[in-house]
Amino acid sequence: MEDKKMITVTSPLLPSLDEFVGYLKEIWKSKWITNNGQFHRQLESALAEYLGVEYVSLFTNGTLPLITALQALGIKGEVITTPYSFVATTHALWWNGIKPVFVDIDPATCNLNPDKIEAAITDKTTAIMPVHCYGMPCDTEKIQAIAAKHKLKVIYDAAHTFGVRVNGESILQAGDMSTLSFHATKVFNTVEGGALVCHDAETKKKIDFLKNFGFNGETEVVAPGINSKMDEIRSAYGLLNLKQVDQAIEARHKVADYYRQALRQVKGVKVFEDMPGVRHNYAYFPILINAEEYGMSRDELYFKMKDDNVLGRRYFYPLISTFDTYKGLESSNPANLPVATRIADQVICLPMYYGLTEADLERVLNCIVK
Ligand SMILES: *Cc1c(COP(=O)(O)O)cnc(C)c1O
């Protein structure tokens, strides 16, 4: 049998190599390769404009802005968060000596269920850290009302939410801060990279101190900062990718429509539809397999796809709450997290990126539609 081309679950958006080399020549000429150079400044302002927010601070990845947001807001004690995310969300709490308190998710969006938050609040709770999972917006109004009532901060892990808008407004406007990841696998990438979004100039200044060892000028150190500055090379790469990200999102939208058209009617397969008023970014294409109705388990389908050289990803499985570091926490008990536990056992993310052809999509669908 002829070996079929491997279809990966993702593929990075790459800028034009010629244009990138042009930028590299400028960087070589200036010999300014990091520490708030011209490309770094340009990318911060271009992103603020594109995303529809005022203050963006660039970082070397998407995990350090989570850690830094908690530092900047002085978060301590306990933080309410979701177990249904990439493990970095919870690790950021751990690195700050904060106890994560897991709350179950809403099956409609895979996001923290706002109706379950209040029962988890104690006198040690200082913040809520939700994730806009797969780029589907959280119920930010409900979360804000709970936060206001209990005087809690809200930090959104918005790693999946590049370019997402709700009724025309950036999703990044919600909460006290939001973090982004520009990792190679994300909708917009700078190879590795990330950003922290805040809403006032004072806070932006504080964040910029924190990402540069706490330095204010040459000799004064105002806070115990870390080093998480993005360099000029990746900033230049990011500027080029930003020019084509809308085109990439449009292509992802077409892929999502193609999948949904074919899968909507398949018994035992759940797809997620667009939400009213939301400009989605189609960062992922999760489907949920109900083994009984579908006649095959999620894992059986996952390995069947693999046999055909089609790589899905069981994302997010296993739940963060099941990992060694966290499984001993009271809130990690699966009885506390029935929806997250079920969805983690049912989910496969299908191949989703700019550049998938109709033939590729047909091969993916052939594995699933019987
Ligand atoms: C990718 C991701 C991160 C971490 O980003 P890195 O850039 O890889 O450090 C954090 N949270 C979520 C939900 C992610 O998907």
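Predicted model: local features only at pLDDT ≥ 70, side-chain atom pairs only at ≥ 80, totals over all residues.
The cysteines are considered first. A search of the whole structure finds zero disulfides. The sulfur of C110 has its closest cysteine sulfur in C133, at 5.3 Å, which is too far for a bond, given that a disulfide requires two cysteine sulfur atoms within 2.5 Å. C349 is likewise in no disulfide, the nearest cysteine sulfur being that of C133, 8.0 Å away. C110 is buried, with a relative accessible area of 1%, and C349 is buried as well, at 3%.

Charged side chains present another picture, for the structure holds 19 salt bridges. One of them joins K204 to E44, with the closest N and O atoms 2.8 Å apart. Because K204 lies in helix α6 (residues 201–210) and E44 in helix α2 (residues 38–51), this pair ties together parts that are 160 residues apart in sequence. K204 counts as buried at 14% relative accessibility, and E44 is buried at 12%.

K204 also meets the side chain of D208 in a salt bridge, at 2.9 Å from N to O. Both of these residues lie in helix α6, four residues apart, or about one turn of the helix. D208 counts as partly exposed, with 24% relative accessibility.

A further salt bridge connects E118 and K149, at 3.0 Å from N to O. This pair links distant parts of the chain, 31 residues apart: E118 is in the loop between β3 (99–102) and β4 (125–129), and K149 is in helix α5 (residues 140–150). E118 is partly exposed at 34%, whereas K149 is exposed at 60%.

Finally, a network of salt bridges links D257, R260, R264, E273 and D274.

Key. Residues numbered from 1 in each chain as written. Heavy atoms only, no water. Buried < 20%, exposed > 50% of the residue type's maximum accessible area, 1.4 Å probe, protein only. Salt bridge = Lys/Arg side-chain N within 4 Å of Asp/Glu carboxyl O. Helix = DSSP H or I, 4+ residues; strand = E, 2+ residues; numbered from the N terminus.
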